[in-house]
Structures are given as C-alpha cells and as structure tokens.
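Visitor: Please show me how to read this structure, one feature at a time.

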Amino acid sequence: MKNYEVVIGLEAHVHLLTESKAFCGCSTKFGLEPNSSTCPVCLGLPGSLPVLNEKAFLYAIKTALALHCKIQNLIKFDRKNYYYPDLPKNYQISQYDMPLAYDGVIEIESQESKKKIRVKRVHLEEDAGKLMHEAEKGVSYVDFNRAGVALLEIVSEPDIHSPEDASAYLVNLKAILKYLKVSDCNMEEGSLRCDANISVRPEGAKALGVKAELKNMNSFKAVRDALSYEAKRQIDLLAAGEKIQQETRLWNEARGLTIAMRSKEDTQDYRYFPEPDLVPFTVDKNKIDQIMRSLPELPQAKKKRFISDYSVSEYDARVLTREADVSDFFEATIKTYNNPKEIANWLLGDIASLLNARKVSIAKTKLKPGHLAEMLEMIHSEEISGKIAKEVLPEVFENGLSPKEIVRQKGLKQIKDSGELTSIIELVIKENEKSTNDYKAGKKNALMFLVGQVMKKTKGKANPKILNNILKNMLGGK
Amino acid sequence: MHSKKSIPNTAKSCLDRISAINEKLNAIIYIDTDKVLKNAQEKPSGIPITIKDNICVKDEPTTCASRILENFKPPYDATVIKKLKDAGFILMGKANMDEFAFGSSCETSCYGPTRNPWDTTRIPGGSSGGSACAVAGGEVPMALGSDTGGSIRQPAALSGIVGMKPTYGRVSRYGLIAFASSLDQIGPLAGNVRDAAMLLNVISGYDELDSTSADVACPDFTQSLENNVRKIKIGVPKEYFPEKGLDGEVKKAILESKDILQGLGAELIDISLPHTEYAVSCYYIIAPAEASSNLARFDGDQYGLRKDAKNMIDMHLKTRTAGFGDEAKRRILLGTYSLSSGYYEAYYLKAMKVRTKIKNDFLEAFKTCDVILTPTTPAPAFKIGEKINDPLGMYLSDIFTIPANLAGIPGISIPCGFTKGGLPIGLQLLGKPFDEETLFRVAYAFEQNTEFHKRKPNI
Amino acid sequence: MANTKAIDKKTVEHVARLARVNLSAQEIGIYKKQLADILEYINKLGKVDVKNTLPTSHPIGKMKNVFRKDNMKKSLPVEDVLRNAPNKKDSLFIVPKIIG
C-alpha cells in the first residue's frame, strides 16, 4: 500500500478581549439575557453605522506582531455579502484582499523536532449572532448578543502534516494569545474556534489533493480526533481508487466521525467590496514599533529562559510556560522559596489536578504564590509532611487561609516529640503482636504496616524519620 | 425688498396648510397632528420642519416609502434629528420620496407619487420630492432631504426652492437609511438661502457615530450671507452646456443668471471638466453596488414586512419580492451583478478609478475658480409617468448633479427662472470641499438681486 | 469593456437569486433588456484610461484613523430591540428554519 502525506491548514477565530464590541459600545460579556447586549449598530438596524473599536485594532496588531507578521500599510475593511439569519446586515464587515497582517510564523515542537508553521494572514472581522434551532416547530431563535464581537481570524498555510501537529499549533497559538492577554481562548464559550482544511496526497507528490473543510470542532481533542478520522477516511478512499469530493464536513463528536454538510443551494459568491461606511487609514510606524517593544516575553522565549535559569526539564518548562498565569505564579514563588524543581513538581502535580478538577485558571483561585512558598518551607523544615501538605493545599484553594494557619487550626503540625511518639508506638506494638513478630522474623514489609498504624493513630502527623528510628530501635531490628 | 424675517410659518398654520393641500400634493406621508400640536404648545417659537422618510425618527414610522419597511419604527433618532430636537424644531412628520431614494421623480414611492405644486400633472423631482414639494407648496418652511446623485438639488430646482447638498462628511449620516454610503449626504431644503444656511448650521458637525463624518470646524453659515460677489471667480464648464440634451429655456435662464452674477462683479471663467460624460456610468455602478449590499438587510427577519414561508430562503425571497418596487429591484439587480464574481474589477473597481478622475477634474478646476456654475437639471419638470418605463432616460436626468456626489463636493440649487409654461428652473453652484460658505454667499447675492424665489405656486 | 458579456436570461436569474428576489418570466425579460441597455451605456467607462489611477472609495480623501475608545455604552432595552420583530418569543427573534 502506498504511503500518504496529510496536508492541513488551520483557520482559527478568536474573540478579542475588549469590553465593547468591534463597531459599537455593546458589552461583549458572555451569558447575558438574549438580545440584551444589542443596539442599532450590532442589530444592523437601517441607518446605523459602524465605528471601529481602537482596542480591537491594537489587539489585532499586537497579535500579528507576536506571530511575526508583516503589517499592512493601509488598513481597510470589506463587506462579505451573504444571507443568514444570524448576520443582521446580511453582510459581515471583514477584510478581504488586504488582511491587516500577513506572512507570519508559529513554532511548534512535534515529537521529533521543531517546526515552523507559516501564518498566511491575520484579519479583523465581526462575529455573527447565535442561532438555536427547534426542528419540530420548524423555527430558529436568534440572539444577537454575540453579533459584532471583535473576531480575529488567523489562517495558517497548509504546513501541518499530522493531527498532533495541528493540536500543537493550536496549543501554541492559544498560549501566545493568552500571554498577550488579547483573548481568553475559551473554546466552550466559543471565544476560540477552529476550522481546518485537510487533504491527503501520495508521499512525494507535489500537487495538493482535493481538500475537505472541517467545521464544528469544539475542543483541541475534537480537532485531533476529527483530523485523524478525516485523514484516514480520505486515505481509504484514495487507496480504494475513489475520488474525494471538495466539501464542508461537520465533526460529529458523539459518533466520532465527519459528515458532509448538506451542500448549500447557492454557489458562494460573497461579492466582496470595500466597506464604504469605514474609512481606510494608515498605521503610524511609530505606533507599531511601540507595540512591538511592549510585547511581553512570549512562551518560546520564556521556556528557554526557564531551562537555563532554573534548570527545569524541557518538558516541565514547556508545561510551565504554556499559560502566563502559571509561569508568573512559578516565578513569584521562586522569589520567596528558591527551589524551582520542587515548585515545578507541585505546580505540575497536585496544583494542576486541583485546577483541572475545578476548571479554573490559577490566577482565579485563592491560592497565592506566598502560600505555596510557605507550605514548601514548612515541608522543608519538617513542620509538616508532604502527605499533610496534600491535605492542606485544597483548603488553601477553598478559603485562601495561609498554610500555617490551616495547620494551626487543624492541629496538623508534625509530632516530632520522641516521648509522645514512643507511647503511641508502644501501643501499636502491643496491638499488633503478629506483625511485630513477623518483622522480627525478618519480614521487612511488616515495618511498613506498623508505620501505617502509627500514622493512622496520629492522623498522618508523625514525623516519618523520627517514627522510623524509634520503631526500629524498639523492635530491635538488624 | 426681501423680508429679513425668514420663518413666517408656525406649526399651527403649517397644519392648516397641510390639511388644505396635502391631498393634492401627497408631499407628506405621515404626520401625528396631536403630537405636533403638543410640541407647538411646549415650544411656541419652534420652527416646523418635515423630514424625508429615510431619516430615522425615534418611535415614528420610517419606511423609505417602501412596503418592505411597513410599520417600522426605529428605536433611535438619527443624529440630525437629535440636533433638530435639541434646537427646538417641531417635527412635521415624514415626507414622501422615491422608494429608498431610487429615483428622480418621486414616483416610485409605495404611497403614490408626489405632485409638483407648479403643475400637479408633473413630477416635483426626486428623490426628495416630498420634502421639496412640501416647502414649495408652503406646507412647511423647510425640510430635510438626502442627496446621493442630486436628490436634494434636482427636486429643489424643479420645485422652485433652495436645496443644498453639503460636502460629504459635513453632516452625520448616522440614522440616514443608506442608499449609497459613499455618496449619501443629508442636506437642507428651504424657501430661501438664509433658511437653508440656518438649517445647515443646526445639522452639520462631526459625529463620533459616523466614521465618514469630517472632523472639521463648522462656521456659522449665516455669517457668509453677504450681498457681494465682487472678485469671486465663477467657473462655467463647457461640458454642462451640451448641444443636445439641454432644454433651450433652461439654457437661456442659466446664461442670464451668469450675466446677472457678472453684473454683480463676479469674474466668469470658462473651464473644462473633461470626465463629466462618464459620471452617470460611474455612478450607476457605484451607487447600485453599495445599495444592493445596504438593502440586503431587509429580509423580514428582524423588522418590517415578512411574508411567511416554511424555510428561510423562501421567506427572504417572498418578503423581498413583495416588499421592493420595480426600481428598487432594478438597482439591486444591477448592483448585485456588478459586484458578482468576475465583474468586480471590470465594473466596481474601474468605476472607483474613474471616480478619481472626476474628482481630480474638480480639484483642478478649483485652482482657477471659487465656484462652478451649471444648470441643476437638463430640463424642467416632466410629466408624471413620462419616464417611468425608461430607466436610462430617468438616470440621465441627473447628469448635472451626479458629479458633485462622486467628488464629494458641496452643491446648491437656487431658483433662477421660469419656463414660459411657468415651471421653475434651477441654477446649480458647486463649491470646494468644505466651502459651503462661498456657495451661500453667491447664492444669497443672486437671490437678493432677483425675484424668482418670491414667486409662489398657485395652489 | 473587457471581461463583461451581454446579459442573458440565466444571468438575470442567477443575480436575482443572489439578491433574493423572485422574478416572473415576464419580469426577467424586462430586466434583461433594461439591464442590458444600462450596461451598454455604462460600458462607456471602457474608454477612460485608468492605468495609473488609484481608486477612490471615499470622496474626501483625508485619511485619518477613525476609532472609538473601547468604552461600553448602554444597549437598547430588550423591548425596543424586539418591538419591530415580525415574530418573537421571550427575548428571542423567531425566524423560519434554515433548510426545509
């Protein structure tokens, strides 16, 4: 059987984190009463006119610069004309032949090596409203709250050759956008959406195969799964000597497959032309330089620095720098507790699980870098054990009290007093004659059991080192 | 002597006049009499004004004289309406117009044609025909219109009143239901130059709600009303006096007007605007293209007419088919065609380039003159129905007004004569961008030294 | 003019569909003729040499950044938003289903 190469291009749509919409003053907040965040402009009422949100534009430029794009000299908008009930004017204000930025690059690390995925274009447009269908009644409901929210479209060249690389591209793109604080990239709320173009061709072939456009992928996993499915579907078709249709296919998450969208009745003819309600303008070069200089340290650079400055592993550095919140937390903790490796272990271990379980970002919890530093210091000075620390951590998450305070309130401080421990151990030995004898008979495992019993009685507070010493002495081990 | 008292009408007397003659003229298509009387009581010195039906007035029907917007009441005021209300004007309902301002005769309205008060078998001009007719017929002292290719100046000329299209960007378009966004401009229609200048004072100015509104200082235009045109250089473009296609009586009146101004001390200069002959072509690509997109929103989803159907496309098709009149459909089709794939470069892009040439003609001409003098229309008012089946003939009647919209420059039409049959003739003056002052000055001097504006139709 | 061709029945039908209007057979005939006449007149533009001419999208070429600050403004009351709606339920517009 022939080998095939998969060719993927991604089209990401990102909500920009502005207070107000792209062309009017309505709030961009998610989850408001339907149609309560609308006005004549975003409803497209007759007579209304758009005025560009400066912050949306600056965020777009900021993103474009972070993606190493060139910025267009003259910025203009165009109208994309098509009829759809979620599009109030029946045209979308977008950018056509002159996207505000072009020719950028996003670096990704795939298993083997680093790769550069070229960014074809970045342009600014307005989002559409939301449609909810009620098939039985033959109607759809329209909510225009989302209509007019500033949307950045970032289109890659077809430089991606595996679903894993597609996912890595998105992970890095998301990391960059979040570092720039231009988008919250919340896929569930639709503030990051992704479509993909995918085709396959026999290995070594120059010409691109017939592509399918994939839509409706609502998570990174969905993107990976949909692309894997679609790549296999196309390869199977070609291998069987069949042809691939150029079409739009929807990912069906529940069934784990892609389904051809019912082809639209109309051939698409968007009749783009320059938006006459907005005036083309030039961007001040100084302004661009100024934005360039104010760009924060981006994930790639920060990762390199973490490896060299803190001697963390490549893997740890990558995960730590994926989100600016986490890397900021990491560095803030180091300032008071200078053990990067330990901090990284906690951040990527217990803290990460707590965040995942609660689906929050670290900046939004009550856990502060000072708390983590204090807790690690307490472990270091053997005031508490690592095990107790794992109990303390969720408490800090919940109520924001300092670890010291929680340990005090709950009496979790380690028992290091030999006298106190000795009397507990004596009791345990008495109650567990069999294990005591087993140990003496050479069964080393029995010691672990006895330690466990002591821990049970002390609710985990016994200092393990001291406990071990006393126990061994009392049992008279070899 | 001309009276300095320029606003003779009160809201009450306007209402009386409207109830007496509006049935004959069909100039005003909506008026809430109780509301007017209540406003008049609160603002006894408020100036009555009627508003073209494509300008949004909060909670009042705003339909563009189209079935597709039937019962539509905007939840907001256009910027110009806000300004009028703040200045204490009394809004006297909505004025008839060609549907969506598509026309030069005020015949394409879904409310039926407006009639010319000088001869009710004739058109008043369009598209702001209702506004012009209401002023000419004495129903109101002034009105707001909009001008995309001559829609203020042409009906002003054919109805024997003053009408001005300001510089593109001078008056906010926010709340003006767009026909062609890059050409539309709201402007005043009035019985005399002073009223027009006063009204422009109220409505002009930068508006942060309109990206195309110009952030330039607005002078007090009434300050420029001086009876003195000495040293003012008036350019007369040869292209506006063609051998064929210019009515003899109109030509005579314009040449006489030229002599009057010369007699007042103005300096007349022959100029050329070589791309004039391409203006109508250029316009009939750009305007319908923009219109086809601007009117796409009228689909029955959110407001206005809805014809029920079981799916979206059929509902849109049925609604738009029933809601738009013939001329609206013609322009939508023309615009859709010129933007559709394969034609953009040949039509729209090309037209935008020719537009540059037309604009440059004017900028070049203004190096040698201060204003340009032309006829407003090639002929006086034609009969109702005369051109309704001849769209191209209708389009060509805007041949002298269209270039100013393409170039964005201001223009004013003032009464300058009558035909033997008693139909008004308009003189057009075109000015440099943002130099409405010189236009008012020349227009005012002409008016002060002529009697045409004093003649009233016998109705 | 280059790249343009005479308007035929199919073109009128296609354009009408794009513009979302239905035309009767008779109307198609009328519009075909009228559009053809208008386009023939418009084709005059082919005579103008625009090789080195930039397009004008806005007549007053004072290019200036026109921005608004990212400030929230009051939205319309929901009653006002829906007041003109041909069909609505709760705070939502109702439209016919997309395909069917």
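Visitor: Are B:Phe221 and B:Phe440 buried or exposed?
Guide: Burial is read from relative accessible area with a 1.4 Å probe on protein chains only: buried is under 20%, exposed over 50%, partly exposed in between. Both B:Phe221 and B:Phe440 are buried. Please keep in mind that this is a predicted model, where local features need pLDDT of at least 70 and side-chain atom pairs pLDDT 80 or more, while totals for chains, interfaces and linings use all residues. Residues are numbered from 1 along each chain as its sequence is written, chains are lettered from A and ligands numbered from 1 in the order written, and side-chain values use heavy atoms, without hydrogens or water.

Visitor: How many aromatic pairs are there over all chains?
Guide: A pair of aromatic rings is described by the distance of the centres and the angle of the planes. Rings of Phe, Tyr and Trp (its six-membered ring) pair with centres within 6.5 Å; planes under 30 degrees apart are stacked, over 60 edge-to-face, the rest tilted. That rule gives 31 aromatic pairs over all chains. One of them is edge-to-face: A:Phe273 and B:Tyr348, at 5.4 Å centre to centre with 70 degrees between the planes. This pair crosses between chains, from strand E16 (residues 273-274) of chain A, which holds A:Phe273, to helix H11 (residues 345-365) of chain B, which holds B:Tyr348. Helices (H or I, at least four residues) and strands (E, at least two) are DSSP runs, numbered from the N terminus. A:Phe273 and B:Tyr348 are both buried.

Visitor: And how do B:Phe221 and B:Phe440 pair, and at what angle?
Guide: B:Phe221 and B:Phe440 form a tilted pair, 5.7 Å centre to centre and 55 degrees between the planes. They link distant parts of the chain, 219 residues apart: B:Phe221 is in the loop between helix H6 (193-203) and strand E7 (233-237) of chain B, and B:Phe440 is in helix H14 (residues 436-448) of chain B. Chain B also has an aromatic cluster, with B:Phe72, B:Tyr303 and B:Phe324 among its members.

Visitor: Which charged residue lies over the face of A:Tyr270?
Guide: A charge sits over a ring if NZ of Lys or CZ of Arg is within 6 Å of the ring centre and within 35 degrees of the ring normal. A:Lys80 lies over the face of A:Tyr270, 4.4 Å from the ring centre. In chain B, the charged end of B:Arg455 is over the ring of B:Phe418, 3.9 Å from its centre.

Visitor: What about the backbone: where is the cis peptide bond that involves B:Ser127?
Guide: The cis bond joins B:Gly126 and B:Ser127, with omega about 10 degrees. B:Ser127 is in the loop between E3 and H4 of chain B. B:Thr114 is found in the loop between strand E3 (90-95) and helix H4 (129-136) of chain B, and counts as buried because its relative accessibility is 0%.

Visitor: Which residue other than glycine has phi near 75 degrees?
Guide: That is B:Lys231, where phi is positive. B:Lys231 is in the loop between H6 and E7 of chain B and counts as exposed because its relative accessibility is 71%. A:Glu382, also not a glycine, has a positive phi of about 60 degrees. A:Glu382 is in the loop between helix H9 (369-380) and helix H10 (386-399) of chain A; at 29% relative accessibility, A:Glu382 counts as partly exposed.
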